[in-house]
Amino acid sequence: GQTYTQSFTMDMVVPVSLAAFDVRLEERRARLTWTTASEDNNLGFDVQHKFSEDFENLGFVRGNGTTAVPQYYQFLTEKLAPGRHQFWLKQIDLDGSFTLSHELEVKVTIPGTFELSELFPNPFNPTTTIQYGLPTSEIVTLKISNLLGENVVTLVNNEFFSSGYHVSNWDGRNTNGREIASGIYVYQLQAGGFSITKKMLLIR
């Protein structure tokens, strides 16, 4: 059989040098971040997306023309449906010519049951992140209490959330205008008739 090879010379003129291109999920939204090492006549970037067989152009992020200084960009999508999603960048020059980046893929999943994750970090000082999952859309309450059962703060108060994974942050330095003492606290998720409780340790 025939063998196909492809080679690139190092002295090729690349109008825009893409140094990094990454994606991460945030509550079913995809945050795309990318960095250019240098740019030459860069009009900007179309953010392109494919889900199932459907292709769409999500938006345009303006470039910095010509620069030898690294540039940082980001783009946050709307909430994504469960399934596999592909993203790539269409970099457009001022003369209308363009190049395509490599593709990135994320998989959006829906929890099979109500979930309340272990904290990260735990123990913590003074901030921590609480992640929870909902199999269906629900009214959610997320509270933090002390070991006596006294409410310290309500992070989410009877708010409607769609199915999927969600994140709330807590800062023990400033809770209702006061700093919280070191110790063991309880965080509780209430949704859809379910209640899940776990412990956290705040250290100074």
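Predicted model: local features only at pLDDT ≥ 70, side-chain atom pairs only at ≥ 80, totals over all residues.
S163 is placed in the loop between β11 and β12 (164–171).

**S163 and L134**
- Apart from neighbours within four places in sequence, S163 is in contact with R28, I110, L134, P135, T136 and S137.
- L134, one of these partners, belongs to strand β9 (residues 127–134).
- With a relative accessible area of 0%, L134 is buried.
- Beyond its neighbours within four places in sequence, L134 touches I110, P111, F114, V140, F161, S162, S163, G164, H166 and A191.
- L134 and F45 are 89 residues apart along the chain, and their C-alpha atoms are separated by 34 Å.

**Nonpolar cores**
- The largest nonpolar core contains 22 residues, and those with the most contacts inside it are I130, Y132, V140, I144, W170 and M200.
- At least two residues of this core come from each of β9, β10, β11, β13 (183–191) and β14 (194–202).
- A second, separate core has 16 residues, among them F21, W34, V47 and V108.
- Leaving aside neighbours within four places in sequence, the contacts of I130 include L116, L119, L142, I144, L155, Y187 and M200.
- H166, V167 and S168 are also among the contacts of I130.

**Surface patch**
- L147, I184, L201 and I203 make a nonpolar surface patch of about 320 Å².
- L147 counts as exposed because its relative accessibility is 54%, over the 50% limit.

**Salt bridges**
- Side chains of opposite charge can pair when their charged atoms come close.
- The structure contains four salt bridges.
- R84 and E105 form one of them, with their closest N and O atoms 2.8 Å apart.
- This pair links distant parts of the chain, since R84 is in strand β5 (residues 83–93) and E105 is in strand β7 (residues 104–108), 21 residues apart.
- R84 is partly exposed at 47% relative accessibility, and E105 is partly exposed with a relative accessible area of 43%.
- E26 and R31 meet through their side chains in a salt bridge of 2.9 Å, N to O, and a network of salt bridges links R24, E26 and R31.
- E26 counts as partly exposed, at 23% relative accessibility.
- R173 pairs with D171 in a salt bridge whose closest N and O atoms are 3.0 Å apart.
- Both partners count as partly exposed, R173 at 46% relative accessibility and D171 with a relative accessible area of 25%.

Conventions:
Residues numbered from 1 in each chain as written. Heavy atoms only, no water. Patch = residues over 30% accessible without salt bridge, like charges linked within 9 Å, V, L, I, M, F, W, Y side chains within 5 Å. Areas by Shrake-Rupley, 256 points an atom, 1.4 Å probe, with all protein chains shown as cover. Buried < 20%, exposed > 50% of the residue type's maximum accessible area, 1.4 Å probe, protein only. Helix = DSSP H or I, 4+ residues; strand = E, 2+ residues; numbered from the N terminus. Contact = heavy atoms within 4.5 Å. Core = buried A, V, L, I, M, F, W, Y, C linked by side-chain atoms within 4.5 Å.
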